[in-house]
Amino acid sequence: AVVSTQSPGIQLIGEDCKDQKYEKFYINFITAVSRQLLEDLAQITIETDTVPKIGKIFDQYLSFCMLESNLFTVSAYDASACSYYSLNRPDAKDADIERCINTVTECLFSLFVTLRELPVIRCPKGNAAAIVAEKLEKKMRD
């Protein structure tokens with residue numbers, strides 16, 4: 001299964017385990033999977049007595065799309081919700097801006113993990129780019 005960490009996929013996998021739909025489960029997360037999400041999956045498989053059915057779990061880091069060797073785009077479920085305009089429009093809601101910032105951060109993290117590179121980040125202070133830079137730096141240090 002290919003699963004987003006921001007979807008109800010864990011519950012669906014749990015239901016599939018409970019219903020004994022497959023002999024083995026090989027789970028591929030699109031982004032880095034959190035410890036809490038892994039614990040939730042473990043709890044579900046323990047409750048359904050299907051722990052042996054989990055074959056492997058992978059973090060695939062697929063939150064970006066390479067268009068050319070030096071050109072990429074962030075992969076967002078709703079690209080219009082995460083754009084320059086959506087970040088800078090006068091009626092932008094804080095929750096929408098935060099969601100966009102988190103999406104961009106996750107996508108950039110996936111890109112740099114895939115490239116096995118540590119970026120040098122330079123950006124103006126006090127805007128969304130600075131927040132992305134701070135979050136990305138924190139995530140890379142963890």
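Biologist: Hey, how many aromatic pairs does the count come to here?
Modeller: Two aromatic pairs, where rings of Phe, Tyr and Trp (its six-membered ring) pair if their centres lie within 6.5 Å. It's a predicted model: local features need pLDDT of at least 70, side-chain atom pairs need 80 or more, and totals for chains, interfaces and linings use all residues. Residues are numbered from 1 along each chain as its sequence is written, and side-chain values use heavy atoms, leaving out hydrogens and water.

Biologist: What kind of pair do Tyr-22 and Phe-25 make?
Modeller: Edge-to-face, because their planes are at 90°, with the ring centres 5.4 Å apart. Planes over 60 degrees apart count as edge-to-face, under 30 as stacked, and the rest as tilted.

Biologist: Is Phe-25 buried or exposed?
Modeller: Buried, at 5% relative accessibility. Tyr-22 is partly exposed, at 44%. Buried means under 20% relative accessible area, exposed over 50%, partly exposed in between (1.4 Å probe, protein chains only).

Biologist: And which residue pairs with Phe-109?
Modeller: Tyr-61, also edge-to-face: 5.9 Å between centres, 65° between planes. Tyr-61 is in the loop between strand 3 and strand 4 (64-68) and Phe-109 is in helix 4 (residues 94-115), so the pair ties together parts 48 residues apart in sequence. Helices (H or I, at least four residues) and strands (E, at least two) are DSSP runs, numbered from the N terminus. Tyr-61 and Phe-109 are both buried.

Biologist: What sits over the ring of Phe-109?
Modeller: The charged end of Lys-139, 5.1 Å from the ring centre. The rule: NZ of Lys or CZ of Arg within 6 Å of the centre and within 35 degrees of the ring normal.

Biologist: New topic: in what order do the sheet's strands come?
Modeller: It's an open sheet of three strands, 1-2-3, with parallel pairing (two strands pair if DSSP finds at least two bridges between them).
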